[in-house]
Amino acid sequence: MLTISNLRKSFGAHTVLSGVDLQVEKGEILGFVGGNGAGKTTTINCITGILEQDDGIVSINGVSKSDSLLYKKQFYYIPDTIHVFQNVSGLDWIQFLIPLYGEVDEAKLNLYTKRFGMETSIHEPMGSYSYGMLHKMSLIAAFTIQPPILIMDEPMNGLDPNAVVTFKECLKEYVQAGGTVFFSTHLLDVAEKICNSITILKDGQIILHEDIEKLMAQGSLESIFLEKQKHEA
Amino acid sequence: MKHRFPLPFFFASSAYSIPKQIAVRVTLLLALAYVVVQMAMVNVAIYNMSALPIYLFYNVAVSIVLVYILTAYFSVSVVFSYREFGLMASLPVKPQRIVSAKVISSLLLPILLTSILQIPVLVLLVWGMKWAALLKTILLIPTLLVFTVMLLVFLLSLIQLWRKHLTTMASLVLNGVASLGIAVCFILWIVTSSKLKLTTLWSDFSMDTFSSIVQSINTLMDRIYTAVGQVPLLKQVIEVYTSSGISLRFLLVLFLFWFVSFLLYQGAVQSLAVNYLQNGRAEMGSATFKKSKAYAGDNEWGRYFQRERWVLQSEPYFKLHVLLSMILTPVVSIGFLLADHKQWMPTVFLEGGRLEMVFAYIVLFISCMNNTSGTPYSREGKYYPLLQSLPFDQRKVYLTKVLFSSMIGAISIISSFVIFALFGYATVHSLMLVAMVLLLMFSYNLLAPLYDRKHPLTEWKNPSEAIKSNPNVIFSLLFGLPLLLVLSAVHFGLLLTSLPVGLSTGAVVIVVVLCDLLILKKTAWGANEEAV
């Protein structure tokens, strides 16, 4: 599904990614964890095309990043900070996004809008949305689009408890339908419950990539993360 | 003092940041060096052509005009912007302190840039051993620059008293209109007070020989100098500056300017501080968001245009720029045609059917220089990552940007030619010129965004940084202007031959069509490759 090979990225003299290799399989929910400055967002930015890597190969479903348009149709990305056109309504924005990926399925859109409790606010300008509402709106777009892979940066930030439950349900359904998830998070207990594999990034290199079941046999994700950080240091 | 300084530097450094890209820095330096060299050449020419008083007068005039334009432009992004409000409102700092820091920081760049251009003047005065003039220039120029900046900032700050009743867009428009209005009033005051006859200003302008051109320019400069010297108040300043030696009157004039500048500074600070909190809240627009209409059709191009419209609507400053792009060319056209109608223009440039051509190229260059085409990718700002991560066809994105700016340009060009026709100048040839100007504008719009497409400056804090203060503008001119300059030179060159004027325009139109097709093929198809 998602293949990253020898991914390297530097900003001037500062090397952020020094040869990241990663394979995410179809149906996998991969939790991408790491300390601040480990290179998580840079990796995501390289995958999504926001940054151009210095070296390495990135492909999704065998489609190389160099085939820009087809490649970008393979994923939908929800960043941590969502910048929106303030005077555009959430619905107009989603209806603008969906045709970029394929046909508009109004029934599906209405369903997810209802599940995330945005029936009224979806018609309001996005400038009036709270941080959590922006994430809900992006999740509605993502689950309506149903791309092959969903890439998210801290997707649960700002979500209210109801939305977190809905998010987990939708995620499960999406994966059962053949979707793949790649998301970065600092919430290790959440990653432990949602993900079926974990990747830990430190100083621009992957120091652990393992199935969650195997990891859980060794202890909590928190203790493994802390131990790995200490050990690698 | 130690505790008071960081705030002005905070505003100055956040408003005028040095670009990160080395190529852009080098280009900015080269552009500045070019301007200094050009100014030096003009200075040497005027210094040698005319008497010292006239030379000193023109130095003051150019400096004041320059600092006025820079202040009118930069004040929007520093003094009258409330971008810092979210950061400052919660800090234990008095509005007066914040505002005074903003006002002081607004002085820095206009005065610094104008002062750099004084270097050739000072060198010439040292070279000529004009010590009194040198000392007076060192003392008077900064004084007049500070006075000009403070006068404009004070007058514009009065608008801010009603800022809370205005939208950001209305406030920006009012600022622009007021800056232009003050300048126009000042010129009208000079013209009426001096009884300057504009019809006779160019009456004996001759371009027959080089010496006759020099003589004509000299006479023109002398006439303006004499006329301005008759205006009350200005007369005193010119006299004390251009007279030999340093008199007590000169020192008194200096003192008076500094005193008035200080009063203007206090007035500006007070009128800005009184409503700082209300204005800041209004600018933050926390209350309501007006829902924008969305394109509901299935056409893919419609959605791309929709997105471009959203980007332009995202900042009032962008909307103002679009508005200016549409109206500036017709306004200049009216000015040009009125000047010709009143016979204020030098006939030497316009005789022999050249008026139409001169008009067409004025319209072309003004509409291109003021167009929104130069930095459309930088304008994306925080939305740029969306452009990169969503499956947009980059070729269509690029062409949408080109077509959008071309539509704005077309509105300004066609309205200018309608005005031209209303003045009774239109001929069949004018229609050919309209087609030529539209096609040339399109080719400019195809070329101008090419650098910005590859190296957009999206991390701006203030929307003016995305458009006019964006160093990529220089690159857009470097990419776009050469073709226009070459073709206009060829077109005017053809006039010197025996080729009928219509035929020469037709030939240029054919060349432009071919150029457009070639550029379109090369540039549009490159967009998707660059997006990789």
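Five residues of chain B, namely B:Arg307, B:Glu308, B:Arg379, B:Glu380 and B:Lys401, are joined up in a network of salt bridges; a salt bridge here is a side-chain nitrogen of Lys or Arg within 4 Å of a carboxyl oxygen of Asp or Glu. Keep in mind that this is a predicted model, where local features need pLDDT of at least 70 and side-chain atom pairs count only at pLDDT 80 or more, while totals for chains, interfaces and linings use all residues. Side-chain values use heavy atoms, with hydrogens and water left out, residues are numbered from 1 along each chain as its sequence is written, and chains are lettered from A and ligands numbered from 1 in the order in which they are written.

**Salt bridges**

Searching the whole structure turns up 11 salt bridges over all chains. Three of them are set out here.

| Pair | N to O distance | Relative accessible area |
|---|---|---|
| B:Arg307 and B:Glu380 | 2.5 Å | B:Arg307 3%, B:Glu380 1% |
| B:Glu300 and B:Lys396 | 2.9 Å | B:Glu300 33%, B:Lys396 13% |
| A:Asp54 and A:Lys9 | 3.7 Å | A:Asp54 47%, A:Lys9 10% |

To read the last column, buried means under 20% relative accessible area, exposed over 50%, and partly exposed in between, using a 1.4 Å probe and protein chains only. B:Arg307 is buried, and B:Glu380 is buried too. B:Glu300 counts as partly exposed, whereas B:Lys396 is buried. On chain A, A:Asp54 is partly exposed and A:Lys9 is buried.

What do these pairs hold together? Helices (H or I, at least four residues) and strands (E, at least two) are DSSP runs, numbered from the N terminus. The side chains of B:Arg307 and B:Glu380 meet in a salt bridge. B:Arg307 lies in helix α14 of chain B and B:Glu380 in the loop between α17 (354–369) and α18 (384–389) of chain B, so this pair ties together parts 73 residues apart in sequence. A salt bridge also joins B:Glu300 and B:Lys396. That pair links distant parts of the chain, with B:Glu300 in helix α14 (residues 300–313) of chain B and B:Lys396 in helix α19 (residues 394–422) of chain B, 96 residues apart. Over on chain A, A:Asp54 and A:Lys9 meet through their side chains. A:Asp54 sits in the loop between α1 (40–48) and β4 (55–60) of chain A and A:Lys9 in strand β1 of chain A, so the pair ties together parts that are 45 residues apart in sequence.

**The antiparallel sheet of chain A**

Strand β1 also belongs to an open sheet of four strands, in the order β2-β1-β4-β5 (chain A), with antiparallel pairing; two strands pair if DSSP finds at least two bridges between them. β2 (14–24) and β5 (63–64) of chain A stand at the edges with a single partner strand each, so one side of each has no neighbour in the sheet. Strand β1 (residues 2–11) of chain A and β2(A) run antiparallel and are joined by eight bridges. Along that pairing, A:Thr3 stands opposite A:Gln23 in β2(A).

Is strand β7 (residues 149–153) of chain A mostly covered or mostly open? Mostly covered: five of its five residues are buried. In a regular strand the side chains alternate between the two faces of the sheet. In β7(A), A:Ile149, A:Ile151 and A:Asp153 point one way and A:Leu150 and A:Met152 the other, and all are buried.

Strand β6 (residues 75–78) of chain A pairs with β7(A) in the parallel sense over four bridges, and A:Phe75 has A:Ile149 as its bridge partner in β7(A). β7(A) also pairs in the parallel sense with strand β8 (residues 180–184) of chain A, over five bridges. There, A:Met152 has A:Phe183 in β8(A) as its bridge partner. To get from β7(A) to β8(A) the chain goes through helix α6 (residues 161–176) of chain A, and this β-α-β crossover is right-handed (with the strands pointing away from the viewer, the path from the first strand over the helix to the second runs clockwise).

**Where chains A and B meet**

The contact (heavy atoms within 4.5 Å) takes 31 residues from chain A and 24 residues from chain B. About 2,700 Å² is buried between chain A and chain B, 67% of it from carbon and sulfur atoms; buried area is the accessible area (1.4 Å probe) that two parts lose on being put together, summed over both. In chain A, A:Phe85, A:Asn87 and A:Phe96 lose the most area to chain B, together 25% of what that side buries. There are zero salt bridges between chain A and chain B. α2 (68–72), β6 and α3 (90–101) of chain A each give two or more residues to the side that touches chain B, with the largest share, seven residues, coming from α3(A).
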